[in-house]
Amino acid sequence: MAAEFNLAQLLESVAGVVPDREALAWGDRRFTFGELAERARRFASFLHERGFGVHTAREDLAGHESGQDHLALYLYNGNEYLEAMLGAFRARVAPFNVNYRYVRDELQYLLADSGARGIVYHSSFAPVLGDILATLPAVELLVQVDDGSGNELLPGALDYESVVAAGDPAGPPVDPSPDDLYILYTGGTTGMPKGVLWRQHDIFVAAMGGRAVADYDAVVERARGGGMRCLLLPPLMHGAAQWISISTLNGGGSVVFPRETRQLEPRDVWDTVEAEQPLMLSVVGDAMLRPLLAELERQPADLASLRAVVSGGAPLHPTLKEKLTAMAPNVMILDAVGSSETGAQMSQTHVPGQPAPNLFTPGPGTVVLDEELRTQLALGAEEIGWLAQQGSVPLGYLGDAAKTARTFPVVEGVRYAVPGDRARLLADGRIELLGRDSVTINTGGEKVFAEEVERAIGAHDGVDDVVVVGRPSEQWGQEIVALVQRAEGSEVGADELVAQAAQSLARYKLPKAVVFVPTVVRSPSGKADYRWAAQRALE
């Protein structure tokens with residue numbers, strides 16, 4: 001019988017064979033695997049002593065139910081995020097991500113929906129958190145991480161470093177299970193955030209390198225051989241960043257943060273590349289890569305160590321890939337496709353001179369289901385279907401049985417995750433990714449995928465960022481609107497952008513209006529905020 005894995009036990013296994021190897025580098029802060037594992041155990045001991053853990057066995061629960069206490073991670077990137085997350089796993093507590101850009105009402109909704117019993121947060125967030133605590137009766141534990149903001153501890157809150165220092169380094173007397181939960185909240189850029197419930201074994205297989213190892217011995221041997229050094233730019237509140245960081249640690253590699261982790265500072269990133277010599281740079285889409293390339297043009301950097309740039313969560317535009325290839329011809333550029341509900345699904349390696357912005361090679365278990373969710377589509381099928389994942393998939397959405405049934409249907413006796421992406425399966429086995437159905441625009445009886453229009457307009461040198469939405473129209477039902485952030489110094493006009501798009505799009509896909517905005521609003525992970533865009537288009 002194949003082994004099943006728990007994320008806390010994976011860290012302990014790696015730390016046991018390479019305790020003195022550097023696991024995390026963040027400016028002047030350096031942590032070996034032994035130190036990282038011990039700090040996680042100390043935090044786990046604290047949680048256990050406070051009565052946090054499992055209260056209902058997994059086998060007694062439905063897919064949308066949790067039997068564990070939940071811990072909110074309301075943090076910027078840093079060692080505390082990884083320590084608290086891994087420590088919670090060790091204590092059999094389920095941590096989950098909090099979008100630190102949420103305003104009061106959004107934050108209140110998320111913390112109430114999650115049923116959080118505890119919150120670990122940076123002191124910068126103390127004022128907004130303190131304003132809503134009275135509305136969150138389930139919250140009984142506050143742990144505040146000092147970030148130099150000067151905000152005092154909230155009433156009843158404990159200092160993070162004091163908690164870690166006092167915790168038992170041996171860890172709590174509990175045995176983590178492969179059934180323990182990994183909870184990932186969706187971004188909420190197209191609707192309300194939902195908590196996706198994964199078994200830890202399943203997320204390890206689906207997104208954290210678990211397909212390459214059969215048991216813990218194989219994990220240990222892989223780690224002993226030495227892993228890669230990865231510079232992580234996306235926030236750990238984004239699933240792709242968690243997956244890459246934990247994969248790197250499980251492989252015996254080192255996670256590196258730039259000195260500034262609250263916002264993207266391009267010069268700081270390239271200085272970190274020169275100082276830390278990472279093998280891989282992790283980004284999310286054009287919103288991160290574009291300013292990085294602009295800074296590289298302004299002031300070159302030594303990229304000798306860099307061998308790969310990986311984008312997860314948002315594909316990179318072909319023009320940016322070509323620009324990066326010209327600057328760093330030895331760097332492989334990889335687009336990875338996945339979602340909170342599927343894990344990693346597909347990838348595309350950039351081939352210079354051969355742009356294929358939405359054609360991807362599927363991974364194990366990635367398929368396209370037909371429109372009615374009755375069967376898998378065959379190779380070369382012309383029809384548009386649903387991108388789906390089988391095998392290691394989530395249990396469901398926290399507290400939502402109905403949406404769990406819709407998103408994780410059983411088709412021909414097999415359970416799938418179908419989060420809502422539209423796709424077409426080509427004859428050569430590649431998958432053409434068309435876009436998220438929730439942002440598809442129905443105009444004049446035709447379906448238009450917002451991402452396709454965004455790619456066409458974004459190819460113009462005068463465009464720094466763009467997001468496309470539909471708005472009500474008496475004539476068309478919906479009309480296409482492009483919200484455009486001009487590049488610095490650009491005076492490009494609407495007619496020029498529409499003419500640019502017309503080179504690659506059918507007439508009915510062209511925007512009926514172009515709205516120029518100072519900044520396109522995106523989440524900290526780089527994903528477009530379509531709710532903001534729809535409201536702005538109406539205005």
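Okay, hi everyone. Before anything else, keep in mind that what we're looking at is a predicted model.

Let's start with the whole thing. The secondary structure comes to 16 helices and 28 strands. The radius of gyration is 23 Å, close to the 24 Å that the globule rule gives for 539 residues, so the protein is as compact as a globular protein of that length. If you put a box around the C-alpha atoms along the principal axes, you get roughly 65 × 55 × 50 Å. Out of the 539 residues, 59% count as buried. And if you take contacts between residues at least 6 apart in sequence, 68% of them join residues at least 24 apart.

Now let's zoom in on a sheet. In what order do the strands of the open sheet run? Going across, you read S4-S3-S5-S6-S7, five strands with parallel pairing. At the edges sit S4, residues 94-97, and S7, residues 158-159, and each of those pairs on one side only. Helix H3, residues 79-90, packs on this sheet and touches S3, S4, S5 and S6. The direction of H3 makes about 175° with that of S3.

Next, a pair of helices. Two packed helices are described by the angle between their axes and the distance between the axes. For H1, residues 7-17, and H2, residues 33-49, the angle is about 145° and the axes are 8 Å apart. Their crossing is left-handed. Which residues meet there? From H1 you have Leu11, Glu12, Val14 and Ala15, and from H2 you have Phe33, Gly34, Leu36, Ala37 and Arg41. Sorted by class, that contact has 6 nonpolar, 1 polar and 2 charged residues.

Last stop, strand S17, residues 366-369. In a regular strand the side chains alternate between the two faces of the sheet. S17 pairs with S18, residues 385-390, in the antiparallel sense over 4 bridges.

Technical notes
Residues numbered from 1 in each chain as written. Predicted model: local features only at pLDDT ≥ 70, side-chain atom pairs only at ≥ 80, totals over all residues. Heavy atoms only, no water. Pairing = 2+ DSSP bridges. Helix = DSSP H or I, 4+ residues; strand = E, 2+ residues; numbered from the N terminus. Contact = heavy atoms within 4.5 Å. Axes fitted to C-alpha atoms, helices over the stretch in contact; angles between N-to-C directions. Left-handed = near helix turned anticlockwise from the far one by under 90°. Nonpolar A, V, L, I, M, F, W, Y, C, P; charged D, E, K, R; others polar. Rg over C-alpha atoms; globule rule 2.2 N^0.38 Å. Buried < 20%, exposed > 50% of the residue type's maximum accessible area, 1.4 Å probe, protein only.
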